[in-house]
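Here are my notes on this structure for a colleague who has not seen it before. Please read them with the model open.

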Amino acid sequence: MENAGYIFTAFAVIWALVFGYVFFLLGRQAHIKRQLDSLQKGIKEEPSPPGKM
Amino acid sequence: MDPMRRYILSGLSLVLMLLALYLIFVYVPTEKEMGIVQRIFYLMVPMGWLALLSFIVVFIASIVFLAKKQSGWDALAYSSAEIGLVATTGALVVGSLWARPIWGVWWTWEPRLTATLVLWFIYVAYFMVRSFAGEESRGARFAAVIGIVGFVDLPIVVLATTLWRGMHPGGVIFSGGLAPSMLLTLLVSLAAFTVLYVVLLMTRCSLRNAETTIKQIKVNT
């Protein structure tokens, strides 16, 4: 099993990159959800124009 | 992409990944000269393939974006460039881990390695231009130009081993130099990473479109 360290490091690096990118996407998704919630809140708080309910 | 299709593709990617791992660590025989470290090949080639595939998508999406000025094409190019940068980073790091025991060095200015490093810098420039352009639409246009001009490096990466005969082993896949079990393992690994690319690209693209829409809503209100 000579040089086994290199192959395990190679797989660890690739999986770290893949999972790192997936977590980055999850972070972006959470950020978008927060922005949407904030927009929705802004719309609800906005006073309705006169004559309208 | 609807969620059901994305779940199916994610599941397919997971199954193919597990199958590829089984083939790489259990099924495929150890190569005589290089030993166990040759198995890095089944990661290095898919990473290189994804780097190329990503840039082909960036190239096409950039041309269509400049022609039609539709933000969806820019989102596609941006998303593909992001995945391409990750894949190129993976190819360079894994290639270095392969080179150390085989060539005795972590890095050498060999034609294909150098062309791949240039590709990495092009991807980095693609994002730097967007950051420094100030206005979003101007950044998108500048990045699209880099996505088109940078495509010139792709044939250089692919043909580097044929044109300059460096240390990098070239043509082993298409010249029939691989044993059937090795070819099968490589093809499954390529398929696994290609499906993963599609899933990540579609996910990133829909997030990018959502980000753009929110920005437009904020500007208009």
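1. Chain B has seven helices and zero strands. Helices (H or I, at least four residues) and strands (E, at least two) are DSSP runs, numbered from the N terminus. The order of elements in chain B is α-α-α-α-α-α-α. Its radius of gyration is 19 Å, close to the 17 Å from the globule rule for 221 residues, so chain B is as compact as a globular protein of that length. That radius is taken over C-alpha atoms, and the globule rule is 2.2 Å times the number of residues to the power 0.38. Along the principal axes, the C-alpha atoms of chain B fill a box of roughly 65 × 40 × 25 Å.

2. A word on the source. This is a predicted model, in which local features need pLDDT of at least 70, side-chain atom pairs count only at pLDDT 80 or more, and totals for chains, interfaces and linings use all residues. Residues are numbered from 1 along each chain as its sequence is written, while chains are lettered from A and ligands numbered from 1 in the order in which they are written.

3. Confidence next. pLDDT is the predictor's confidence in each residue, from 0 to 100. Chain B has a mean pLDDT of 88, and 94% of its residues reach 70 or more. Within chain B, α2(B) has the highest confidence, at 94, and α6(B) the lowest, at a mean of 78. Where pLDDT is low, predicted coordinates should not be read in detail. For the complex, the predictor gives an ipTM of 0.86 and a pTM of 0.88.

4. Chain A has one helix and zero strands. Of its 53 residues, 8% count as buried. In chain B, buried residues make up 38% of the 221. Buried here means that 20 or more other C-beta atoms lie within 10 Å of the residue's own; exposed means 12 or fewer, and partly exposed is in between, with C-beta atoms placed from the backbone.

5. How many residues of chain A are in contact with chain B? There are 20, and they meet 22 residues of chain B. The chain A side divides into 14 nonpolar, four polar and two charged residues. Ala, Val, Leu, Ile, Met, Phe, Trp, Tyr, Cys and Pro count as nonpolar, Asp, Glu, Lys and Arg as charged, and the others, Gly among them, as polar. A contact means that two C-beta atoms, placed from the backbone, lie within 7 Å.

6. Look at the core. The largest nonpolar core has 61 residues, and Ile40(B), Ala77(B) and Val94(B) have the most contacts inside it. Such a core is a set of buried Ala, Val, Leu, Ile, Met, Phe, Trp, Tyr and Cys residues joined through C-beta atoms within 7 Å. Among the elements giving two or more residues to this core are α1 (4–45) of chain A and α3 (71–103) of chain B. α3(B) gives the most, with 16 residues. Beyond its neighbours within four places in sequence, Val94(B) is in contact with residues of both chains, including Ala10(A), Val13(A), Ile40(B) and Met47(B).

7. Now α3(B) itself. Of its 33 residues, 24 are buried, so α3(B) is largely enclosed by the rest of the structure. At 1.5 Å a residue those 33 residues should span 48 Å, and the end C-alpha atoms are 46 Å apart, which agrees. The expected span is 1.5 Å times one less than the number of residues. Gly84(B) lies in this helix. It is buried, with 27 other C-beta atoms within 10 Å. Leaving aside neighbours within four places in sequence, the contacts of Gly84(B) include Ala51(B), Phe55(B) and Tyr123(B). Gly104(B) follows α3(B), with a positive phi near 85 degrees.

8. One backbone point to check. Most residues other than glycine have a negative phi. Lys69(B), in the loop between α2 and α3 of chain B, has a positive phi near 60 degrees. Lys69(B) counts as exposed, with 12 C-beta neighbours inside 10 Å.
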